[in-house]
Amino acid sequence: MTTKPNRDIDHLIGELNILAQISEAEPPVVTRVVFSEADLRARAYVKGLFADAGLTIREDAIGNTFARWQGSDPDLAPIGTGSHIDAIPNAGLYDGCVGVLGGLEAIRVLQQLGFQPRRSIELIIFTSEEPTRFGLGCLGSRMIGGVLSPSQATALRDKECRSLDELRTQAGFSGSLDSVALARGHYHQFVELHIEQGPLLEQEGLDLGLVTAIAAPASLRIQIEGEGGHAGAKLMPGRKDALAAAAELILALESAAKSTGVIDTVATVGVCEVFPGAVNSIPSRVRLETDIRDIDAARRDRVLTSLHEACSDVSGRRGVVITTELVNADPPATCDPVILDQLEASAIAAGKSFKRMVSRAYHDSLFMARIAPVAMLFIPCRGGVSHRPDEYASPEWIGAGIHVLARTLASLAS
Ligand SMILES: [Zn+2]
């Protein structure tokens with residue numbers, strides 16, 4: 001593709017703004033929890049735009065939506081793109097939506113230029129990228145990638161104890177969850193456009209980030225059972241203070257993360273609940289929730305192992321009982337060098353500045369990586385702000401992302 005797309009970005013910005021009005025909260029606040037009335041109205045609006053562009057729509061049993069631009073050789077595995085349109089409470093209008101409506105705009109640009117893809121191009125809306133309702137993010141792509149089994153999905157409940165099955169059926173998505181997972185090779189390649197959700201591109205004055213790896217969290221819940229007692233009467237020898245034990249674990253985790261010597265390893269204890277939580281009572285029970293992330297699974301899991309070792313050491317020395325529960329340990333993804341090279345060539349051809357970078361947040365691409373070569377294209381967002389109503393990406397930034405995505409899709413689908 002050598003011709004520069006000449007569509008007006010205002011049209012797309014208008015569509016992003018209309019989508020943002022479809023919210024459970026008062027605009028400009030965007031709240032669109034999966035399978036809510038707002039989510040369903042938003043899906044209907046976007047599917048209408050897909051249909052207007054002549055795309056063929058398929059929905060799977062969990063509500064992932066696939067809009068296909070048929071290629072001249074429809075038997076070839078398609079090129080995938082897309083993101084999500086659900087939004088956490090009190091969010092903004094760019095996270096996810098830029099990847100869906102921007103993907104659509106890239107297709108419309110190519111259509112207007114008279115481009116005919118050889119491979120079909122499939123634009124995907126993934127169900128429930130945000131964990132708001134079921135406590136687990138990337139529900140749709142997790143199931144496509146076979147990481148969440150149908151029986152695990154069936155067991156999911158929201159805070160009102162309503163099951164995923166009940167809610168998806170009510171939303172109009174029926175059929176067996178067995179049919180959601182796709183085989184490796186179903187997509188030839190997948191590329192996702194997204195806002196950075198961090199400050200680096202804006203700070204460095206760059207148009208685009210080419211994502212080389214997507215970090216993934218391992219999350220461990222730790223329960224420490226010690227022995228309570230009167231803070232004055234019970235003397236120090238023989239105490240089994242659960243919080244003092246927790247303190248050792250927190251510091252052990254911090255030191256394990258630092259000891260890798262790599263900036264990409266991060267570990268956090270974000271929850272520390274102390275029981276009974278009285279100033280004159282020795283803590284008898286503590287619950288910790290930890291989050292360990294890296295772009296290298298083996299390195300991340302070594303930190304996890306160190307934490308487990310610290311648990312048995314502390315429990316032995318202090319006489320407390322420590323139990324752990326691994327909540328999740330998603331594998332990080334390495335992005336595909338072929339797609340990255342194509343993104344780079346497209347950025348150069350489009351005259352856009354860029355750098356290669358790591359995604360510290362995880363995205364649907366993390367799970368698409370289980371079945372296809374993937375890469376991501378980041379655009380800046382103001383101040384690195386995301387998951388807030390003041391999230392903002394300028395029309396120029398969005399336009400640059402769409403331009404480069406369109407060129408890349410055209411090359412990959414040729
Ligand atoms: Zn997102």
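**Terms and model.** Buried means under 20% relative accessible area, exposed means over 50%, and partly exposed lies in between (1.4 Å probe, protein chains only). By that scale A25, at 24% relative accessibility, counts as partly exposed. This is a predicted model, in which local features need pLDDT of at least 70 and side-chain atom pairs count only at pLDDT 80 or more, while totals for chains, interfaces and linings use all residues. Residues are numbered from 1 along each chain as its sequence is written, and side-chain values use heavy atoms, with hydrogens and water left out.

**Figure 1. The whole chain.** The chain has 12 helices and 17 strands. Helices (H or I, at least four residues) and strands (E, at least two) are DSSP runs, numbered from the N terminus. The C-alpha atoms fill a box of roughly 85 × 45 × 40 Å along the principal axes. Of the 414 residues, 52% count as buried.

Figure 2. Contact means heavy atoms within 4.5 Å. Take the contacts between residues at least 6 apart in sequence: 78% of them join residues at least 24 apart. The accessible surface comes to about 16600 Å². Carbon and sulfur atoms hold 52% of that surface. The areas come from the Shrake-Rupley method with a 1.4 Å probe; for residues, only the protein chains shown count as cover. The chain carries 39 positive and 51 negative charges, and their mean positions are 3 Å apart. Lys and Arg count as positive, Asp and Glu as negative; His and the chain ends are not counted. Each charge is placed at NZ of Lys, CZ of Arg, CG of Asp or CD of Glu.

**Figure 3. Aromatic pairs.** The whole structure holds five aromatic pairs. Rings of Phe, Tyr and Trp (its six-membered ring) pair if their centres lie within 6.5 Å; planes under 30 degrees apart count as stacked, over 60 as edge-to-face and the rest as tilted. W69 and F115 form an edge-to-face pair, 6.3 Å centre to centre with 65° between the planes. W69 lies in strand β3 (residues 65–69) and F115 in the loop between α3 (97–112) and β6 (121–126), so the pair ties together parts that are 46 residues apart in sequence. Both W69 and F115 are buried. The rings of F126 and F190 also pair: their centres are 5.8 Å apart and their planes at 70°, so this pair is edge-to-face. F126 in strand β6 and F190 in strand β7 are 64 residues apart, and the pair links distant parts of the chain. F126 is buried at 1% relative accessibility. F190 is buried at 0%.

**Figure 4. Q189 in strand β7.** Q189 sits in strand β7 (residues 189–195). Its relative accessible area is 7%, so Q189 is buried. Leaving out residues up to four places away in sequence, Q189 touches P78, I79, G80, V338, I339, P373 and L412.

Figure 5. A25 lies in the loop between α1 (9–21) and β1 (30–32). A cis peptide bond joins P27 and P28, with omega about 10°. Another cis bond runs from F275 to P276, with omega near 5°. P276 is in the loop between β11 (266–275) and β12 (281–282). Most residues other than glycine have a negative phi, and most peptide bonds are trans.

Figure 6. N90 is not a glycine, yet has a positive phi of about 65°. N90 is in strand β5 (residues 87–91). At 42% relative accessible area, N90 is partly exposed. C138 has a positive phi near 55°. C138 lies in the loop between β6 and α4 (139–144). At 0% relative accessibility, C138 counts as buried.

**Figure 7. Around D207.** D207 lies in the loop between α7 (200–203) and β8 (208–214). Its relative accessible area is 22%, so D207 is partly exposed. D207 touches G351, K352, S353, F378, I379 and P380, not counting residues up to four places away in sequence. The C-alpha atoms of D207 and G401 are separated by 7.9 Å, although these residues are 194 apart along the chain.
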